[in-house]
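Let's take a walk through this fold together, starting with the sheet and ending at a single residue.

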Amino acid sequence: MRSPLADALGDLAFTPPPVWRARTVLEYLAPDAWHYAYPPSVIVIREPMRDEDSVEALVNRQVDHVATLPSGRVLRRTELTVDGLPAMELAYEWMGAREIGGIQQITTLVESHADGRRIVTSFTTVCAVSDAAFLAPIFRAMLDSVRVGQRSVSAVVPAPDSEPTLPAMVTPFSVGYSPAILDVPMPGMRQRRRDG
């Protein structure tokens, strides 16, 4: 049986620099993503928590960040459980580029434990406000399927090789990236640097 990391990364293997901590980031795009007003995606980030952090503190930090986004506004802040674990969800909207319009993001933070460490997992759904009602049940089903501590291979069916790469998708790793295009605030190193 393959590990979840092998399931996500396939045949990729490498040796990270010594004492660097792992921060896993995965993104899943909707089929035919370029047919939406903005390509819908789910971004999953998993990393160790600092001793002084809590899920509530991370959400508070994110609320502060939403206020810095163009027309950023919090829609709701909800306490819930994910796979029986306490979690917090923050839903918010902000204005993307003129041709994109409003962007809705819902970030759910879950704290768990692995190998004696506290771990935070962030699930962020991203879509255009105009597509949010249609995509909400799809995103909710994904969150409802989360199982923490499972070591099995996911049931994700890879996109067919014939599905083209998103030509207009701008990511933090591409030339011309600007935080005004897509901003997925995440707990961890990048967020801490913003806080000083």
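In what order do the six strands form the open sheet? The order is 1-2-6-5-4-3, and the pairing is antiparallel. Strands here are DSSP runs of E with at least two residues, and helices are runs of H or I with at least four, both numbered from the N terminus; two strands pair if DSSP finds at least two bridges between them. Strand 1 (24-29) and strand 3 (73-82) each have a single partner strand, so one side of each lacks a neighbour in the sheet. From one strand to the next, the twist averages 15°.

A word on the model: it is predicted, so local features need pLDDT of at least 70 and side-chain atom pairs count only at pLDDT 80 or more, while totals for chains, interfaces and linings use all residues. Residues are numbered from 1 along each chain as its sequence is written, and side-chain values use heavy atoms, leaving out hydrogens and water.

Now look at strand 5 (residues 102-114) and strand 6 (residues 117-128), which pair antiparallel over 12 bridges. Here Ile-106 stands opposite Thr-125 in strand 6.

Two helices lie across the strands. Helix 3 (residues 132-144) lies across strands 2, 3, 4, 5 and 6, at about 160° to strand 6. Angles run from 0 to 180 degrees between N-to-C directions, with axes fitted to C-alpha atoms, for helices over the stretch in contact (heavy atoms within 4.5 Å).

Finally, find Ser-112 in strand 5. Ser-112 is buried, with a relative accessible area of 4% (buried means under 20%, with a 1.4 Å probe and protein chains only). Beyond its neighbours within four places in sequence, Ser-112 is in contact with Arg-46, Leu-85, Arg-117, Arg-118, Ile-119 and Val-148.

Note on methods: Buried < 20%, exposed > 50% of the residue type's maximum accessible area, 1.4 Å probe, protein only.
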